Structure formats: C-alpha cells, structure tokens
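Please read these notes with the structure open.

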Amino acid sequence: MIDYNDLAQKYLQHRRVHPQVLKELVKSSGITNKSQVLEIGCGTGIYSIAIQQQVPMKCWAIDQSEEMLKIAASQSSTITFLQGRVEALNFEDNYFDFVFSVDVIHHIEDIIPYFAEGFRVLKPGGKICSVTDSEEIIQNRRPLAFYFPETIDVDLKRYHSIYVLRARMQQAGFRDIQHTQVEFPYEITDIQAYRDKIFSCLHLISPESYQNGLSRMEQDLLDGPIKGNSRYSLLWGTKKARIVFV
Ligand SMILES: C[S@@+](CC[C@H](N)C(=O)[O-])C[C@H]1O[C@@H](n2cnc3c(N)ncnc32)[C@H](O)[C@@H]1O
C-alpha cells in the first residue's frame, strides 16, 4: 500500500499540471466564476490551484493524506482544503457544479461509492470528470512501460477498465458519458522523479525490475534527452436535471 504522506514533499518537487488535462478540465466542465467546484484526491492541489487561476470560482478540495493537504494549503489560501475520503464526502446534496479527480480512481477498490457520492453532491446539470489511464495507455506509456515493463501487468490489474468505469457511472445515474483522450509529448533530461518513485506503480514492481529500468534510463540519458509522452483518459458524465411533468 502506498503512503501518500511519505510522497508529499516529492510531489511538491516533481509533480506538475498536465497542460492538456488542465485545458480540457476548464473547457469541457463549463465552469464560470459563479461555479462551485470540488476536487477529490487533490494531493498537493496543483489542479485546483491551476483551474482557479484561470476561472476564479469557489473551490473545495479533499484528500485522505494530511501531509499532502499541508502542502496544498501552503500553496493557496483561496481553496478550502479538507481531509476526507472520496467514498464518504462530507458535503450536502446538490452542492457542486463540477466534481473532478486526477489519477485517483485506481487507488479506490470499490468505485461504486465514489460515483454515488459524486452524483449526490452534484447539482442537477452538474458534471463529473475522472482523469485516469485506459488499458491502451497503460500498455504504451512512455517512458514507464518501455523502461519498467513490469508496470504494465501491475497496472492492468490495478486500474479499472474504461468499460467498467462507464458501467459504474451509468449505474450511479450519470448520463452523456463520454471518454476523451489527451497527450503531451515532452523530453526528460532529469530522472530524479523516477529515483524518488513518485509514480505509484514503481512501488509495486520487483526491486530488480525497478533497478534495471533505472539503469537503462541513466544509460540512455548519456545520449541525450529521453522522449516521453504523457497521455490521459478523461471520463465525463452529467447529472441530468429531472424533468417533472405536471
Ligand atoms: C496519484 S495522487 C494524485 C494527486 C493529485 N490529484 C494530482 O494529480 O497531483 C493520488 C491522491 O489520491 C489520494 N487518495 C487515494 N485514495 C483516496 C481516498 N480513498 N480518499 C481520498 N483521497 C485518496 C492520495 O492521498 C493521493 O494524494
């Protein structure tokens, strides 16, 4: 089990917003400066902070990790950061216009309460977005799948498939369910984030496999930057307003 309290400082040092994920979250959520937004599993809060810089709305963000939240609160005084678990949200019904998470749902074994709670706290017409990796993305991650091939099986078992996620969203009551993908090609000149194991799958492979991948990265870096391509799946759903016939 990964303890995110131990990773908080390393997240602050290495984790950055994915520009295309940010762009999609702002554009497709339809939020305005009158919106109320909730991020679940916010970590150090990078996404809430970046979204609020573009659209100055009211924002709440929760995480289970106290250390992540301490860092998040030190980065923004205009977001309400709260400790909590995604399976039991401490908010009233019909409160938010937009609920989102980035890289969180693969940590949640039972996603039925995750979607049920998301649905409950959204206003009618509100949207949810879960940013995750599809099976195809897991199999082709650059550089992870290339240098650490053991991560493929580990994460195919750990991540919920897009098919299952869509079905659970439908069961929770979401409609207009849509799956979009984004990518961001980049060059890696420093592999400290891999040494610091900020990618949770690196904690779940054998030490030999991890060392082997790291040595290959170090070797390849001698010839120049390593090519990376960060890809994500975004799963969107809407809590439809009920039409009442009188
Ligand atoms: C991979 S990190 C992503 C953090 C942040 N969303 C980001 O993109 O930088 C996953 C986060 O989810 C949080 N988390 C995992 N399971 C959770 C749960 N059941 N309830 C609340 N937070 C959870 C962890 O503490 C961690 O901060």
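1. Helix 1 (4-14) and helix 3 (46-54) each give at least two residues to the shell around the ligand; helices (H or I, at least four residues) and strands (E, at least two) are DSSP runs, numbered from the N terminus. The model is predicted: local features need pLDDT of at least 70, side-chain atom pairs count only at pLDDT 80 or more, and totals for chains, interfaces and linings use all residues. Residues are numbered from 1 along each chain as its sequence is written, and side-chain values use heavy atoms, with hydrogens and water left out.

2. The ligand has 21 residues around it, with Tyr11, Arg15, Gly41, Asp63 and Val102 coming nearest (a residue is near if one of its heavy atoms lies within 4 Å). By class, nine of the shell residues are nonpolar, six polar and six charged.

3. Nitrogen atoms of the ligand lie 2.9 Å from a backbone N or O atom of Val102, 3.2 Å from a polar side-chain atom of Arg85 and 3.3 Å from a backbone N or O atom of Gln64. Of the 590 Å² that the ligand exposes when taken alone, the protein buries 98% (Shrake-Rupley method, 1.4 Å probe).

How values were computed: Polar contact = N/O pair within 3.5 Å; in protein donor to acceptor, adjacent residues only side chain to side chain. Nonpolar A, V, L, I, M, F, W, Y, C, P; charged D, E, K, R; others polar.
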